[in-house]
Amino acid sequence: MSQVSPVDPVKLARLAETIVKVGLGLKPGQDLFLTAPISAAPLVRLVVEEAYKAGAGLVTPLYGDEKLTLARFVHGQDQSFDRAPGWLYKGVAEAFSEGTARLALVGDDPMLLAEQDPDKVSRANRATSRAYKPALEHISNFRINWSIAAWPGATWAKRVFPDLPEDEAVRRLAEAIFAASRVDGPDPVAAWAAHNAALKTRSAWLNGKRFSALRFRGPGTDLTVGLADGHEWHGGANSARNGVVCNPNIPTEEVFTTPHKLRVEGHVSSTKPLSHQGALLDGIRVTFREGRIVEAHAARGEAVLQKLIDTDEGARRLGEVALVPHGSPISASGLLFYNTLFDENAACHIALGQCYSECFVGGASLSEEQIAAQGGNSSLIHVDWMIGSGEIDIDGLDEKGAATPVFRKGEWA
């Protein structure tokens, strides 16, 4: 006897179409590499169908499984946590160098590793980051079209809706994903075109102002984020270096750019919990001097935070600053997703670690040395965490320190 899925099949099909046409902008003849939790097979099948309809060359999926991940942490030999399948990531980097597009579908339990040894989690993440770096450079430098989207996995759904039966939790999370991803209407492609145009208008205003820095002020926060020399604001759809227009995040509500790695001063407090690699970090408080974190604390997950910022020298510096109004649809939903793809689009945020080369004027033609000279940060990590709320004011500062209101009480001024 077959069981009816709690996930609306019509909206799921729209999501698959949106991922391929809007998220990836997949071109005829282009290969696609995708990763997904095994529970997301229904969405993967639809995405693969849409990809081949769009003329994809070869689609290669790679599934993950929460139970297999846990088995490693429970039973794996200690030395295994300093290793990663370099042979796999070399192949992925080679695929990207040949123009393969990248899709990541997320949906696993964001707290999967919360009860595991944080030292093992940190070591495994560091080993994976090192092995994946050559492949990641194709993404952080926007050489290929790529996108991230979500599937309502049952264990994730129960984190978001712990008091509901599993089927109802999955249904509620699916509907939240569909709404945030703008596929709950009859024409998602048109909805995304309008949304991307609005984000472009915000980016154009910021680029016209050429601010030297942004100052964030609110409860527990007085932070001045200097912006990189020759920085450029982006948001929504963008053109990768291969000429393909894509939306890297489904959903997205942000406009973002690159801070100057040496020009961040002050203190800042997180406004939402951060789910990172299976651990929850909450109540983060850090102090920056000359761009570097000199003091860091968290009410929950402090050991994980300390290991994170010790990943390498660049992990204590910023690679991104992003503006999101408090009234964004994801924020207005009132949900905590425990997933950065969604939670970062509910609040202004900053990211520790690697910068995006696209966030420089003429970034496609800049070398790594030129990006570094203009203030761009380099690191094995890129971890976003939320610092915005309805109580945050933001001013744009020019080179002389004169202030222009950008946000007041969490909304565009």
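**A chat about the fold**

A: Let's begin in a loop: Pro251 sits between strand E9 (245-246) and strand E10 (255-257). Helices (H or I, at least four residues) and strands (E, at least two) are DSSP runs, numbered from the N terminus.

Q: Good, and what should I know about the model itself?
A: The model is predicted, so local features need pLDDT of at least 70 and side-chain atom pairs count only at pLDDT 80 or more, while totals for chains, interfaces and linings use all residues. Residues are numbered from 1 along each chain as its sequence is written, and side-chain values use heavy atoms, with hydrogens and water left out.

Q: Which residues does Ser181 touch?
A: Not counting residues up to four places away in sequence, Ser181 touches Leu15, Trp192, Ile250 and Pro251. Contact here means heavy atoms within 4.5 Å. Ser181 itself is in the loop between H7 and H8.

Q: Is Ser181 buried or exposed?
A: Buried, because its relative accessible area is 1%. The cut-offs are under 20% for buried, over 50% for exposed and partly exposed in between (1.4 Å probe, protein chains only).

Q: Leu15 came up there. Where does it sit, and how does H1 pack with H7?
A: Leu15 belongs to H1. Helix H1 (residues 9-24) and helix H7 (residues 166-180) pack at about 40°, with axes 11 Å apart. That makes H1 oblique to H7. Axes are lines fitted to C-alpha atoms, for helices over the stretch in contact, and angles run from 0 to 180 degrees between N-to-C directions. Under 35 degrees counts as roughly parallel, over 145 as roughly antiparallel, 65 to 115 as roughly perpendicular and the rest as oblique.

Q: Who makes that contact?
A: Lys11, Leu12 and Leu15 from H1, with Glu175, Ile177 and Phe178 from H7.

Q: And how do H1 and H2 meet?
A: Their axes come within 9 Å and cross at roughly 50°, H2 being residues 41-53. So H1 is oblique to H2 as well. Among the H1 residues in this contact are Leu12, Leu15 and Val20, and the H2 side includes Pro42, Leu46 and Ala51.

Q: Switching to sheets: which strands form the parallel one?
A: Four strands in the order E2-E1-E3-E4 form an open sheet with parallel pairing. Strand E2 (59-64) and strand E4 (146-150) are at the edges, each with a single partner strand, so one side of each has no neighbour in the sheet. Strand E1 (residues 32-37) pairs with E2 over six bridges, and Thr35 stands opposite Leu62 in E2. Two strands pair if DSSP finds at least two bridges between them.

Q: What about the antiparallel sheet?
A: That open sheet has eight strands, in the order E15-E14-E11-E6-E5-E19-E20-E21. In it, strand E11 (residues 259-269) and strand E14 (residues 285-289) pair over four bridges, and Gly266 stands opposite Phe288 in E14.

Q: Last topic: which phi does Phe142 have?
A: A positive one of about 55°, although Phe142 is not a glycine. Most residues other than glycine have a negative phi. Phe142 lies in the loop between helix H5 (118-140) and E4, and counts as buried at 2% relative accessibility.

Q: And Arg210?
A: Its phi is positive too, near 50°. At 37% relative accessibility, Arg210 counts as partly exposed.
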